[in-house]
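User: I would like to learn how to read the features of a structural model, one feature at a time. Please give the general idea, then the case at hand.

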Amino acid sequence: MSEHESPATDRGVAAPGRPVRADARRNRDRILSVARAAFASTAEAVPLDAIAREAGIGIGTLYRHFPTREALVEAIYSAELDEVVSSAPALLSELPPEAALRAWMDRYAAFLQVKRGMSATLRAGWASGSIATPATRERITAAIAEILERGARAGSLRADVDPENVTMMLLGVFLSTTASDSPERTDELLDLVVDALRHSAGRNG
């Protein structure tokens, strides 16, 4: 069976309007968890049957939840994007703005790591329209803007920085360190970005 085809049978799938069974929900969550880890571990295409085996389910069960590779990738990408964006206010509720910014950068890095293993499918899906094109850059920049604004009010982060420029700086860091896969180098560069965003006497804002 092709990874772009679903089984002919559809047993076990809740009818429209019916609640999803608890075991079906657990299977779906398990598939997403295993697939997310698999996509984060390699830039190569991960076979769906390998994901099913690791999740402890049959390939038919995987296809009942995600009829195509694109459906699985879209579900993971959407969930990851939601989580990285929502983590900004969550971190600001727990940490000072400067520390929240650095912690958020690590969460963004994890998002891009997962995306790496899905990039080919995402590009093809966005080009064909089989995967909805999300407003990723806008949402990421909005999260950065929220942290910078809080930091500017607290006097710890600069108020004269365009959040879009910060997004571009971070993408530059991650793109430049992908080939080396050096977490230490990535951490050093992210620390430098935070240093550049700290408020200091003599700067505007």
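**Reading salt bridges, helices and the core**

Analyst: The term denotes a side-chain nitrogen of Lys or Arg within 4 Å of a carboxyl oxygen of Asp or Glu. Side chains of opposite charge can pair when their charged atoms come close. The model is a predicted one, in which local features need pLDDT of at least 70 and side-chain atom pairs count only at pLDDT 80 or more, while totals for chains, interfaces and linings use all residues. Residues are numbered from 1 along each chain as its sequence is written, and side-chain values use heavy atoms, with hydrogens and water left out.

User: How are R53 and D49 placed relative to each other in helix α2?

Analyst: They are four residues apart in helix α2, so about one helical turn separates them. Helices here are DSSP runs of H or I with at least four residues, strands are runs of E with at least two, and both are numbered from the N terminus.

User: Is R53 buried or exposed?

Analyst: Such labels rest on relative accessible area: buried means under 20%, exposed over 50%, and partly exposed in between, with a 1.4 Å probe and protein chains only. R53, at 58%, is exposed, whereas D49, at 39%, is partly exposed.

User: Which parts of the chain does the salt bridge between D82 and R139 link?

Analyst: The closest N and O atoms of D82 and R139 are 3.0 Å apart. This pair links distant parts of the chain, with D82 in helix α4 and R139 in helix α7, 57 residues apart. D82 is partly exposed at 35% relative accessible area, and R139 is partly exposed as well, at 30%.

User: How many salt bridges does the structure hold?

Analyst: There are 14. One of them joins D195 to R198, with the closest N and O atoms 1.9 Å apart. Salt bridges that share partners also connect R36, E80, E83 and R107 in one network.

User: What is the secondary structure of the chain?

Analyst: The chain has nine helices and zero strands. Buried residues make up 36% of its 205 residues.

User: How does one check the length of helix α4?

Analyst: The expected span of a helix is 1.5 Å times one less than its number of residues. Helix α4 covers residues 69–92, and its 24 residues should therefore span 34 Å; its end C-alpha atoms are 35 Å apart, which agrees. For α5, 20 residues should span 28 Å, and the end C-alpha atoms are 28 Å apart, again in agreement.

User: Where in α4 does the kink lie?

Analyst: A bend is the angle between axes fitted to the seven residues ending at a position and the seven starting there. In α4 a kink of about 30° lies at S86, shortly before the proline P89.

User: Which residues have the most contacts inside the largest nonpolar core?

Analyst: A nonpolar core is a set of buried Ala, Val, Leu, Ile, Met, Phe, Trp, Tyr and Cys residues joined through side-chain atoms within 4.5 Å. The largest one here has 53 residues, and F39, L72, W104 and L170 have the most contacts inside it. Its largest share, eleven residues, comes from α4.

User: What is L72 in contact with?

Analyst: Contact means heavy atoms within 4.5 Å. Setting aside neighbours within four places in sequence, L72 is in contact with I31, L32, A35, F39, L48, I51 and F66.

User: Which helices do the buried residues of α5 pack against?

Analyst: They pack against α1, α4, α7, α8 and α9. Among the buried residues of α5 are W104, Y108 and L112. From helix α8, L171 touches Y108, L112 and R137, residues up to four places away in sequence not being counted.
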